[in-house]
Amino acid sequence: MYRKQIKNICCIGAGYVGGPTMAVIADKCPDINVFVVDKNKSRIDAWNSPDLDLLPVYEPGLKEIIKRVRFKNLFFSTETIQNIKKADAIFISVNTPIKTSGLGAGQASNLKWVEACAKEIAEFSEGHTIVIEKSTLPVRTAEIIKKILFSKLKKDINHDKTFSILSNPEFLAEGTAIKDLEFPDRVLIGGEEENAINQLKTIYERWVEPSRIITTNLWSSELSKLVANAFLAQRISSINSISALCEKTGADINEVSRAIGFDSRIGSKFLKAGPGFGGSCFKKDILNLVYLSRYFGLKETANFWEQVVIINKWQKERIYSIIVNKLFGNITDKKIVILGFSFKANTNDVRESPAIEISQYLLSEGANLSISDPKVDEENIKLSLNGIKTGLSNQDLNEYGNWHFERDIYKALKNADAAIVLTEWDTYKTINWNKASDLMNSPGWIFDTRSIIDGNVVKDSGLEFWSLGNGDYD
Ligand code: UDX
Ligand code: UDX
């Protein structure tokens, strides 16, 4: 029984990680049945929607894969118990947000859903099951999962259950998830039992070079995921801190990035200055690292990594102050257009998007926002801005502050005093600035926080222009 091949996979959590990852596994392993379960029925209904434009996750290339494998060997449902029972391997891909209260609030991850998954697996699994941590988790979470699984075994002496626990963190980035899954830089598998490691390895070996599959012990695997994200985020805070210096000195952050990126020891990736990193992982993972370091009394390590998050917040505040100053220190009742609400291009995800905090600052100062994004839905914006008050009379102008959603860029720009590019969507690169200038108030300002707009063309149209990290436009 122990050595049987993985034939049925169950993945708990049909989100940005679980959905695309399981779609690719099903596509690459036609002989394996993959069952993705989620407690959120409307999310499952969306995954099963006949209209592939209604899938809950937008990722280039995902629709095509879903079309090939859905209802063949990839199934989405809410039937957790049934699918746990028949699974040889179970991936835990549920979300692990930062705790908002209690011990470690603001830094440690909330593991209540991971614990709940482990309890369900302990209760309903049959025979031997490989339990795989896919969600990014604090170091030594595998120990918690192990304790839950094995405490059930101790109580139930007539059981036929055995478990192996593996850590197999995901390194996919949203917007390029399918490419990252199909051509990964590496696949990391952490565990203590060679047999279980090899069974999971066999799955990835169908399409990944064996030399790219790294195996480590459980704790190294869990820690490596946090550290990888911390290093990536650190590069962004480093370059963002220099963007402010460029504005003061007349240097251009893109030229500086290019010049340093040519050094093969530094490398050219992840050196794009912007409004700050967003997404569900970077901030959470760094704060977990900070929490872990403090817990073990490593004050200097904790302070070093915390600074990455502090710079990220400062970058957003800095941008907001520049906008207010350029608009003569007063934005009350001015119409400001937010171009891009997702945390980066090619995703509909808004978690930790810099647009949220920047919009909140502007709303609290009385601005009237017109928010535009090619993929994000109004409902998601509403949820992220919920509870914002305007600075005007200390009362809500409407339930969510003084903003409205407008998908059409030119309708959004009509009578606007300013527009801020916050996400690097391709569509913003081709805006007709003469048309925009005719529609906007005068003086009209364009703020480009992603360096995707040609400032000369904007200025020729009669609009004012500011670009992040570019001393020429200060
Ligand atoms: C990611 C990663 O998995 C994780 O590494 C990171 O730490 C945070 O978020 P993601 O797929 O992006 O997860 O999260 P999300 O899109 O929120 O999906 C999680 C899904 O799990 C949700 O659809 C939620 O309904 C589901 N879930 C959660 C369950 O089905 N059961 C639970 O008990 C809890
Ligand atoms: C990240 C990691 O890249 C991925 O390996 C991990 O599994 C999950 O977290 P993701 O958050 O989806 O992926 O996107 P990523 O491309 O890393 O971008 C994160 C944020 O950094 C975005 O807000 C992006 O705009 C910003 N960013 C990225 C920059 O500002 N400059 C850069 O040079 C790169």
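# Questions on a predicted model with two ligands

Colleague: Leaving aside its neighbours within four places in sequence, which residues is N470 in contact with?

Modeller: N470 is in contact with E247, A251 and D252. Keep in mind that this is a predicted model. Contact here means heavy atoms within 4.5 Å.

Colleague: Where is N470 found?

Modeller: N470 is in the segment after β14, the strand of residues 464-467.

Colleague: Why is N470 called buried?

Modeller: The cut-off for buried is under 20% relative accessible area. N470 has 10%, so it counts as buried.

Colleague: What marks the backbone of N346?

Modeller: Its phi is positive, about 65°, although N346 is not a glycine. N346 sits in the loop between β9 (335-339) and α13 (354-364).

Colleague: And what is the phi of S451?

Modeller: S451 has a positive phi of about 50°, and S451 is not a glycine either. Its place is in the loop between β13 and α17 (455-460).

Colleague: What makes the bond from S442 to P443 cis or trans?

Modeller: Look at omega. It is near -5°, and the peptide bond is cis. P443 belongs to the loop between α16 (433-439) and β13 (445-448).

Colleague: What makes you call α13 mostly covered?

Modeller: The count is of residues under 20% relative accessible area. Nine of the 11 residues of α13 are buried, so the helix is mostly covered. Among them are P354, I356, E357, S359 and Y361.

Colleague: Which residue follows α13?

Modeller: G366 follows, with a positive phi near 95°.

Colleague: On to the ligands. Which residues come nearest to ligand 1?

Modeller: D38, R43, T136, K284 and R351 come nearest, out of 19 residues around ligand 1. A residue joins that shell if one of its heavy atoms lies within 4 Å of the ligand.

Colleague: How do the shell residues of ligand 1 divide?

Modeller: Into five nonpolar, nine polar and five charged.

Colleague: And how do the shell residues of ligand 2 divide?

Modeller: That shell has 11 nonpolar, two polar and six charged residues. Of the 19 residues around ligand 2, F171, E174, K272, K344 and R450 come nearest.

Colleague: Which helix gives the most to the shell around ligand 2?

Modeller: Helix α9, residues 218-249, with four residues.

Colleague: What makes the approach of F171 to ligand 2 a polar contact?

Modeller: Again the limit is 3.5 Å. A polar backbone atom of F171 is 2.8 Å from an oxygen atom of ligand 2, so the pair passes. A backbone N or O atom of L172 lies 2.9 Å from an oxygen atom of ligand 2. For E170, the backbone distance to a ligand oxygen is 3.1 Å. Taken alone, ligand 2 exposes 660 Å², and 90% of that is buried by the protein.

Colleague: Last, the whole chain. How do you know that its radius of gyration agrees with a compact globule?

Modeller: With 474 residues, such a globule would have a radius near 23 Å. The chain has 24 Å, which agrees. Along the principal axes, the C-alpha atoms fill a box of roughly 80 × 50 × 45 Å.

Colleague: How many helices and strands are there in the chain?

Modeller: There are 17 helices and 14 strands. Of the 474 residues, 55% count as buried.

Technical notes:
Residues numbered from 1 in each chain as written. Chains lettered and ligands numbered in written order. Predicted model: local features only at pLDDT ≥ 70, side-chain atom pairs only at ≥ 80, totals over all residues. Heavy atoms only, no water. Nonpolar A, V, L, I, M, F, W, Y, C, P; charged D, E, K, R; others polar. Helix = DSSP H or I, 4+ residues; strand = E, 2+ residues; numbered from the N terminus. Rg over C-alpha atoms; globule rule 2.2 N^0.38 Å. Buried < 20%, exposed > 50% of the residue type's maximum accessible area, 1.4 Å probe, protein only. Polar contact = N/O pair within 3.5 Å; in protein donor to acceptor, adjacent residues only side chain to side chain. Areas by Shrake-Rupley, 256 points an atom, 1.4 Å probe, with all protein chains shown as cover.
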